[in-house]
Amino acid sequence: MCTRQSRDLHSSRTFIVSDSPLGTVAFAEKVLALLEEGQRSSTYKFATLLALVELCVEKTKPDGAPPNFVTTRELACKVVEIYWGQAIPYRRLGRVLEQNQGPALHRGGPVSARIVGSIAKLRAVHAGLTLHEVRARHGQTFESVVREVEKTLIEMPLPKLQRMGRIDQRFLYEISWDDHVRKGTWSETRGFDNRIAFVEGAAQNLVRLSSLLLPLIQRKWATKVAELNGLESDELETFLFGVNRITLTRVLPPLLDLQSGRCFYCQKRVGAAPHVDHFIPWSRHTDDGLDNLVVADERCNLAKRNFLAGVKHRERWLERGSAQSTELEAIAKQMPWPRDRDRTEAVARAMYRNVPGGFLWLEGTEFEAAG
């Protein structure tokens, strides 16, 4: 592997850019180092890295290729989505959890960092609404929060994410600005290049490692939040990253009706305890889109756990998305519920392309090898 070393003209820092793509193992080692470095400050770095991983998966192209770049706006929307479930008072403390070193004060009390603070305010104003509902009903307010988050990402974590001490190891992405970007100088209307361009091989590695990186980042994140708030990390992970099962019950009746009362997997009549299941497991990618939700009986759902479903299930799922697209769209509008079929299918494409040598769940304790 060849690298080139340059000097930042504005400081004494050195940055290193690889001239050839890193192998998966070397890439993973650098990501692990970033996660350790992130433990020293706020959770911004974790959120930014997690958002980049999820965007790479969601923007996988039909031929399986990852995206060449994402924009700061796309990143901001994803970061809002990630922090949304965390920007409410934690039951044991009665306040929003701190996510940065040295909490700022606001109206006499502690608040989280700028990003979490702006999202928490949005949630408080529109209490009881999902993020999808806020975006649909209060678009202008939502956009103002996204813009504030985008500004913070540009000024803070993006120029610093790949930094180890005084060395910038640009193995993830290149951007057109550095630490010296000033408020008001970044704007698309003024010719600001808001692309986060992935270094060759980086996006593919993020997709390939996504199922491993997701739980690892979440664990590091929970540990940091526990440290900042004097709590145990184990009790925080579900709160910070768990799926809202209560909310999912809203879509159970129409989805069960769409499946004619049968379990999506075994095709038998669903018993007294139907479950709404994420076809692509939530632990692999946090997609609550309607196309990713199916109804399963309790036995199948508990047996499937966090495995990808077998080929026969995948084919039936793809067929449902196509043949019953009109019905799914009607459910999404009636609920209302988020639906982005292209994004969900891109996630599935990325997941199934990156499990060679693994196993796919069929039924009960039966599996098949992923080919």
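## Close-up views of pockets, a cavity and aromatic contacts

**View 1. The second largest pocket holds about 540 Å³ of space.** This is a predicted model, and we start with a pocket lined by 26 residues. Closest to the centre of this second largest pocket are Val243, Arg245, Trp282, Ser283 and Asn306. Strand β10 (275-278) gives the largest share of the lining, four residues. At least two lining residues each also come from α9 (210-229), α10, α11 and α13. Sorted by class, the lining of the second largest pocket has 11 nonpolar, 10 polar and five charged residues.

**View 2. The largest pocket holds about 1,500 Å³ of space.** Here 47 residues form the lining, and those closest to the centre are Glu81, Trp84, Leu131, Trp282 and Asp288. Which helix supplies the largest share of the lining of the largest pocket? Helix α3 does, with seven residues. Other helices that supply at least two residues each include α2 (44-58), α5 (131-137) and α16 (341-353). Helices α10 (233-241) and α11 (245-248) belong on that list for the largest pocket, and both also supply at least two residues to the lining of the second largest pocket. The lining of the largest pocket counts 19 nonpolar, 12 polar and 16 charged residues.

**View 3. One cavity of 30 Å³ or more turns up in a search of the whole structure.** The largest cavity has about 30 Å³ of space. Its lining is made of Asp291, Trp317, Leu318, Gly321 and Glu345. Helix α14 (residues 311-323) contributes three of the lining residues, the largest share. By class, the cavity lining has two nonpolar, one polar and two charged residues.

**View 4. Phe27 and Phe171 make up one of the 11 aromatic pairs in the structure.** Their ring centres are 5.4 Å apart and the planes meet at 75 degrees, so this pair is edge-to-face. Phe27 belongs to helix α1 (residues 24-38) and Phe171 to the loop between β7 (167-170) and β8 (173-174), so the pair ties together parts 144 residues apart in sequence.

**View 5. Phe307 and Phe367 form another edge-to-face aromatic pair.** The distance is 4.8 Å centre to centre, with 65 degrees between the planes. Phe307 sits in the loop between α13 (298-304) and α14, while Phe367 is in strand β13 (residues 366-369), so the pair links distant parts of the chain, 60 residues apart. Phe307 has 26% relative accessibility and counts as partly exposed. Phe367, at 30% relative accessibility, also counts as partly exposed.

**View 6. Phe264, Tyr265, Phe279, Trp317 and Trp361 form one aromatic cluster.**

**View 7. The charged ends of Arg195 and Arg314 sit over aromatic rings.** The charged end of Arg195 lies over the ring of Phe69, 5.8 Å from the ring centre. For Arg314, the ring is that of Tyr352, and the charged end is 5.0 Å from its centre.

**View 8. The whole protein, for orientation, has 16 helices and 13 strands.** Of its 371 residues, 50% count as buried. Among contacts between residues at least 6 apart in sequence, 68% join residues at least 24 apart.

How values were computed:
Residues numbered from 1 in each chain as written. Predicted model: local features only at pLDDT ≥ 70, side-chain atom pairs only at ≥ 80, totals over all residues. Heavy atoms only, no water. 1 Å grid on protein atoms, 1.4 Å probe; cavity = no way out; pocket = protein on both sides within 12 Å on 5 of 7 lines; lining within 4 Å. Points joined across faces, edges and corners; volume = space filled by probe spheres on them. Nonpolar A, V, L, I, M, F, W, Y, C, P; charged D, E, K, R; others polar. Phe/Tyr/Trp six-rings, centres within 6.5 Å; stacked < 30°, edge-to-face > 60°. Buried < 20%, exposed > 50% of the residue type's maximum accessible area, 1.4 Å probe, protein only. Lys NZ or Arg CZ within 6 Å of the ring centre and 35° of its normal. Contact = heavy atoms within 4.5 Å.
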